[in-house]
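Hi,

Here is the structure for your files. My notes follow below.

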Amino acid sequence: MADDLVLALAQTTPVPGDLPANVAHALDVADAAAAEGARLLVFPELSLIGYDLALLHDDACWASGAGDPRLEPLRARARRHGMWIVAGAPVREPGAAPVIGSIVLGPAGQDHVHPKAHLHGSETGWFTAGRPQPPIDVDGWLVALAVCFDMAHPGHAAQAAAAGADLYVSSSVYVQGEERRHDLHHGARAMDHRMYTAMAGLTGPSAIGSAIGGTAVWAPDGSRVAGLDGLPGLLVHRLRSTEIERHRPRARPRG
């Protein structure tokens with residue numbers, strides 16, 4: 001396991017319903033993250049179309065899975081930069097139920113869809129709840145993914161911790177008035193399980209209110225150690241294995 005993991009979190013305001021335009025922006029973000037040495041880049045929930053479920057009446061807003069040809073430029077960036085990229089989209093794979101997905105693209109051509117497990121509000125009219133996937137291995141760091149409301153369910157994080165997660169990272173949308181909730185959720189999950197937590201958040205207008213961004217990193221003791229203001233941007237932060245070992249009585253062997 002690498003001693004450190006350089007994590008990049010994108011805080012974006014998507015072009016509503018324009019998947020190709022948002023992919024193009026994600027390419028620029030990936031280049032910027034790579035220049036900072038990032039090995040993992042995470043985008044917010046539904047980052048490739050924006051959070052407005054009314055857009056889903058347009059078939060062009062749906063991804064057909066991680067292998068959707070419109071995502072090929074992003075897959076190529078992951079390979080070029082030797083970086084894991086996690087982007088958000090509504091996904092309808094052939095023969096499968098529709099999900100809110102985190103599309104996971106790896107440096108060696110890995111690709112899969114991590115589905116949102118806990119739907120919220122009108123999402124239930126469009127999507128099916130998925131099952132959490134095992135953590136991905138980024139240079140020996142085990143990274144578990146969450147999608148927004150998953151973070152509000154302690155059992156979701158507990159399952160990630162039981163699978164050995166060192167980092168539990170969410171792709172989310174929090175709106176004005178939810179600032180305390182946002183900090184409490186992520187800090188509590190970190191402190192409960194002595195793992196890093198992090199969030200990549202949408203910012204700007206959304207169908208459920210003004211998104212606050214809130215992109216940040218929480219240390220294994222639950223303290224917030226890095227974050228962005230409400231503007232679009234990129235947060236790059238170095239996670240240290242020594243911090244995990246310091247807070248875990250019986251940490252996983254490193255090396």
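How many bridges join strand S3 to strand S4? There are 7, between residues 84–91 and residues 99–105, and the two strands run antiparallel.

Some ground rules. This is a predicted model, where local features need pLDDT of at least 70, side-chain atom pairs count only at pLDDT 80 or more, and totals for chains, interfaces and linings use all residues. Residues are numbered from 1 along each chain as its sequence is written, and side-chain values use heavy atoms, without hydrogens and water. Helices (H or I, at least four residues) and strands (E, at least two) are DSSP runs, numbered from the N terminus.

The sheet: 6 strands, open, mixed pairing, in the order S5-S4-S3-S2-S1-S14. Pairing requires at least two DSSP bridges between two strands. S5 (111–115) and S14 (233–240) are the edge strands, each pairing on one side only. The twist averages 25° from one strand to the next.

The helices: H1 (residues 19–35) packs with H2 (residues 72–81) at about 10°, axes 10 Å apart. Axes are lines fitted to C-alpha atoms, for helices over the stretch in contact, and angles run from 0 to 180 degrees between N-to-C directions. H1 and H2 are therefore roughly parallel (angle under 35 degrees). Contact means heavy atoms within 4.5 Å. From H1, Ala26, Leu27, Ala30, Asp31 and Ala34 meet Pro73, Leu74, Arg77 and His81 of H2. H2 also lies across S3, S4 and S5, at about 165° to S3.

Best regards

Notes. Parallel < 35°, antiparallel > 145°, perpendicular 65-115°, else oblique.
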